[in-house]
Amino acid sequence: MADYIKFVDVTKCDGCRACMVACKNWNDLPTATEEYSGSIQSHAKVNAHTWNVITYNEHETTNGNFEWLFRHQSCLHCVEAACEKACPEDAISHTKFGSVVIDADKCVGCGYCAQNCTFDVVELATYKDKHGKEYRKAQKCTLCTDRLEEGLQPACVTACHTECLVYDEKNKVLAEAEVRLSKIKERFPNANIYNPQGIKGTTTVYLLAEKPSVYGLPENPKVPLSQVVWKDYAQPLGKAMFGVTTMAVVGSVIAHAIKKDSGDHKGGQDHE
Amino acid sequence: MEMNVTRRQFLKLSGAVAATLAIVELGFDDKTAKAKSGEFKIAKLKPTPTICPYCSVGCGILVYANENDVVYTEGDPDHPINEGTLCSKGTTVRQVYTSEKRITKPMYRAPGSSKWEEVDWEFAFDKVVKNIKETRDKSFIHQEGGVTVNRTDAIAYLGGAALDNEECHLNHKLFRAGLGLSYIEHQARI
């Protein structure tokens, strides 16, 4: 299967928010009301029940022009995902579609992923079990992995009427992105394709009209070394140590039992 | 230490070692983490095509419903107008059915009253028919300046975007030719 990615051409977005509603509709997410901020933007950023948000950025360009910049903000599905590295329960993993998904059964709601996410798109949702006890689960965009498995496109892409959101073969999309970039360069000299290589690229690639920082995106994100060390070295080692310790304990118990056994029965052949 | 391991002891020992290995194996297994997805929510549902009730564009919508509820709605990819896409308002169409605020019975507010009350359909239809008949009879103009006009200016009719072309045509016939209305409008033109 060829690699597929989601492509967001922000210069085609007209801010209609159909992607936001389509996401809620498909994923059965409840409303998440926030106080009016004075902007047309509905939510400050994505949250546990709002997996994508259109940000409305009022931007003054260097030559004094006003640009109203929209961006479909959601999980970028990093190839090297900080949330996956941070998760102590191995609840976060990559699917064959490149999407980063959280296994709700394994998630214990510790929130390490939310704290470490490069793009601040993971949040904990609070639920109540049948006894009224509160528990938390990390929530974010799944790239509609359940739809991808059935050969459908993500719900947000399906709804988009300006072809700002596209889900297609990676090579095709990236080539198209270059063409689009050359077309918008005249109006947006700072335009760029956002596919940060510090995290080995993302499964959602943006065509931005302005520098990433204008959109609140890190210019050159990286997964902190401490997390790589933690996940790729410390954690497996810890598990190995756990195994060794268990072996040693069980081994000693057995050895002790045998010793005791042989002591008790003096050869112990009476009932063999 | 002399170890006289009997058959029984040997079996005990190998069992224990196997168990230990199993525990260690679980601890090491970080490759089984896999995307967990529940049942595909529209797997067994047949979509019903409909027209969006909001603006005049008239986008096609597919409605996925089970016996009790509307589960999902999305743009109809086969519809020539929207080709599968949908705006944010049209995407909320599921709530027309699922919303708690949905009115499921005819409501009546008597003249001069400040509150709505639930009535049955029979009452509602009778009331509408009676009022139209009375108003039309009272206000009907047969002739104006020697010209036969056969119209009433006391009733207006407002159509909506949920009506398709043929329904609009039929409504037009009923209200203009049938009842003699001249104030006929459509929500999409307002």
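**View 1. Strands S2 and S3 of chain B, side by side.** In this predicted model, strand S2 (residues 60-65) of chain B is joined to S3(B) by five bridges, and the two run antiparallel. Strands here are DSSP runs (E, at least two residues) and helices are DSSP runs too (H or I, at least four residues), numbered from the N terminus. Two strands count as a pair if DSSP finds at least two bridges between them. Look for B:Ala65, which sits opposite B:Val70 in S3(B).

A word on labels and limits: residues are numbered from 1 along each chain as its sequence is written, while chains are lettered from A and ligands numbered from 1 in the order in which they are written. Since the model is predicted, local features need pLDDT of at least 70 and side-chain atom pairs count only at pLDDT 80 or more, whereas totals for chains, interfaces and linings use all residues.

**View 2. Helix H4 of chain B, out in the open.** How many of the 19 residues of H4(B) are buried? The number is zero, so this helix lies largely in the open. Buried means that 20 or more other C-beta atoms lie within 10 Å of a residue's own; exposed means 12 or fewer, and partly exposed is in between, with C-beta atoms placed from the backbone. The helix (residues 121-139) should span 27 Å at 1.5 Å a residue, and its end C-alpha atoms are 27 Å apart, which agrees. That expected span is 1.5 Å times one less than the number of residues.

View 3. Chain B has five helices and eight strands, and along the sequence they follow the pattern α-β-β-β-α-α-β-β-α-β-β-α-β. Of its 190 residues, 11% are buried. Take the contacts between residues at least 6 apart in sequence: 39% of them join residues at least 24 apart. Residues are in contact if their C-beta atoms, placed from the backbone, lie within 7 Å. The domain assignment gives domain 1 (47-98) and domain 2 (140-189) of chain B; such bounds come from an automatic or database domain assignment. Their centres, taken over C-alpha atoms, are 30 Å apart. Six residues of domain 1 of chain B are in contact with four residues of domain 2 of chain B. On the domain 1 side of chain B, the touching residues are four nonpolar, two polar and no charged. Nonpolar covers Ala, Val, Leu, Ile, Met, Phe, Trp, Tyr, Cys and Pro; charged covers Asp, Glu, Lys and Arg; the others, Gly among them, are polar.

View 4. S9(A) and strand S10 (residues 204-208) of chain A pair in the antiparallel sense over three bridges, and A:Tyr194 stands opposite A:Tyr206 in S10(A).

**View 5. Two loop residues of chain A with positive phi.** Most residues other than glycine have a negative phi. A:Leu143 has a phi near 60 degrees and sits in the loop between strand S7 (134-139) and helix H4 (145-149) of chain A. A:Glu163 also has a positive phi, about 60 degrees, in the loop between helix H5 (155-159) and strand S8 (165-169) of chain A. Which is buried and which is exposed? A:Leu143 counts as buried because it has 29 C-beta neighbours inside 10 Å, whereas A:Glu163 has 12 and counts as exposed.

How values were computed:
Contact = placed C-beta atoms within 7 Å.
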